[in-house]
Amino acid sequence: MDFDQYIDRRPTESLKWKCYPEDVLPLWVADTDFMCPPAVIEALHKRVDHGIFGYGLPPEGMDQTVIDRVARLYDWEVTAEQLHYVPGIVTGFTLVLRALCQPGDAVIFQTPAYPPFIGSPMASGLIGIQNPMYLDDQGVYRIDFDLFEKQIIDHKVKVYILCNPQNPTGRVFNQSELERLAEICLRYGVVICSDEIHCDIIYDNKKHIPIASLDQEISKITATFLAPSKTYNIAGLHASVSIIQGDELRKACEQYATFLIGSPGVLAMVAAKAAYEHGGEWLKQQNAYLQQNRDMLGESIERGELPGVKWSKPEATFLGWLDCRELPIEGSHQEYFFNTAKICLNDGCTFGDVGKGFLRLNFGCTRDVLSQGIELMAGAIKMLS
Ligand SMILES: Cc1ncc(COP(=O)(O)O)c(C=O)c1O
């Protein structure tokens with residue numbers, strides 16, 4: 001697979017590429033610009049050629065594919081009855097919130113946070129509690145566990161939405177961090193809703209650990225969401241997986257699922273199965289390419305090509321969380337770069353209170369496009385001096 005190949009997405013309905021005028025370079029929405037694995041395209045062609053698209057079941061063997069995958073990757077034993085397929089992860093965690101909470105209940109998550117972690121509880125009449133992460137002296141984003149516990153007690157938190165690997169900081173939480181989070185949740189009866197959508201795009205031989213795989217007690221209070229969507233660039237098809245091992249928790253969610261969210265489309269499921277079954281080698285190549293993109297961006301920052309910009313090197317995801325607070329920009333950083341350099345980045349303010357002065361850059365693009373992005377940013381920074 002040639003990840004350097006530029007494929008024009010503007011003739012499609014791409015949100016990332018069609019939302020802004022043609023002269024704007026879009027490094028925002030979290031999908032990549034790569035063509036998905038050939039096996040996915042072949043499976044879709046074959047299914048489309050059949051020509052009938054009535055109501056579907058998950059493709060034969062899909063459950064086993066997921067069961068084998070999590071056993072192989074995480075030594076995690078799950079059963080078919082614990083699996084469900086949902087169109088998307090945002091719908092999935094919103095469903096968990098609706099199933100378990102009453103208006104006015106509190107939901108906690110780390111910030112900076114993927115914006116729907118803030119928006120979804122709010123839209124459901126819940127109180128979102130922001131648990132800010134901090135940078136340690138090694139420049140690594142860490143969780144403030146004492147504050148996390150205090151906030152849970154003070155606000156009688158019902159649900160914790162965990163994002164691991166974390167968007168936007170790119171942290172991959174390690175076993176001891178996950179154990180501490182789970183212990184606190186177990187102590188106060190907090191349900192964990194674990195969004196692990198970024199778990200396959202991971203660097204430097206780091207290892208993803210699903211929090212529910214740590215032990216049985218934790219698995220009973222956890223709803224885990226996985227998906228091939230970011231991994232294989234098929235997010236627009238909408239197929240994700242939920243794994244809920246606790247019977248009580250699963251039943252509470254199932255009641256809502258049938259009527260509120262339905263199941264993914266038949267083509268989405270065909271693509272998901274083909275990706276999980278045949279996308280292994282493609283994924284290895286993609287992650288190697290993305291890791292080089294990450295390093296290229298990191299080296300630009302280290303060499304001072306983007307003076308005033310700092311970051312904490314992401315351990316996962318194709319997202320860079322850029323600390324631009326030192327830049328002498330009055331008003332919105334996002335608007336400054338958009339208007340001055342015609343580059344579209346995500347505004348840190350949308351990731352919670354701690355995101356002011358930050359920008360999120362999506363490096364899931366060809367290296368040429370990433371170079372253009374760095375050059376555009378550098379030019380706009382020069383104009384500040
Ligand atoms: C952490 C996280 N969760 C969920 C999503 C979206 O998932 P879906 O499209 O399946 O709702 C994203 C997309 O950027 C994400 O970064």
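Hi everyone, let's start with an open sheet of four strands, in the order β11-β12-β15-β14, with antiparallel pairing. Two strands pair if DSSP finds at least two bridges between them. At the edges of this sheet we have β11 (310-311) and β14, each pairing on one side only.

Before going on, a word about the source. Residues are numbered from 1 along each chain as its sequence is written. The model is predicted, so local features need pLDDT of at least 70 and side-chain atom pairs count only at pLDDT 80 or more, while totals for chains, interfaces and linings use all residues.

Now, strand β15. On one side, β12 (residues 319-323) is joined to β15 by five bridges, running antiparallel, and Trp321 stands opposite Arg360. β14 (residues 346-347) is also antiparallel to β15, with two bridges. There, Asn346 has Arg360 as its bridge partner, and Asp347 stands opposite Leu359.

Is β15 buried or exposed? Five of its five residues, 358-362, are buried, so the strand is largely enclosed by the rest of the structure. Buried means that 20 or more other C-beta atoms lie within 10 Å of a residue's own; exposed means 12 or fewer, and partly exposed is in between, with C-beta atoms placed from the backbone. In a regular strand, side chains alternate between the two faces of the sheet. Here Phe358, Arg360 and Asn362 point one way, while Leu359 and Leu361 point the other way.

Next, a second sheet. This open sheet has seven strands in the order β2-β10-β9-β8-β7-β3-β4, with mixed pairing. β2 (83-86) and β4 (127-132) are at the edges with a single partner strand each, so one side of each has no neighbour in the sheet. Neighbouring strands are turned by 25° against each other on average, direction ignored. For angles, axes are lines fitted to C-alpha atoms, for helices over the stretch in contact, and values run from 0 to 180 degrees between N-to-C directions.

Inside this sheet, β7 (residues 157-163) and β8 (residues 191-195) pair in the parallel sense over five bridges, with Val159 opposite Val191. Helix α5 (residues 115-123) packs on the sheet, touching β3 (106-111), β4 and β7, and its direction makes about 155° with that of β4.

How do the domains meet? The domain assignment gives domain 1 (15-38 + 280-382) and domain 2 (52-278); such bounds come from an automatic or database assignment. Their centres, taken over C-alpha atoms, are separated by 25 Å. In all, 28 residues of domain 1 are in contact with 33 residues of domain 2, where contact means C-beta atoms, placed from the backbone, within 7 Å. On the domain 1 side, the elements giving two or more residues are α11 (280-302), β12 and our friend β15. Which element gives the most? That is α11, with five residues.

Last, the ligand: 13 residues surround it, and the closest are Ala30, Gly88, Ile89, Val90 and Asn167. Near means a C-beta atom, placed from the backbone, within 6 Å.

Key. Contact = placed C-beta atoms within 7 Å.
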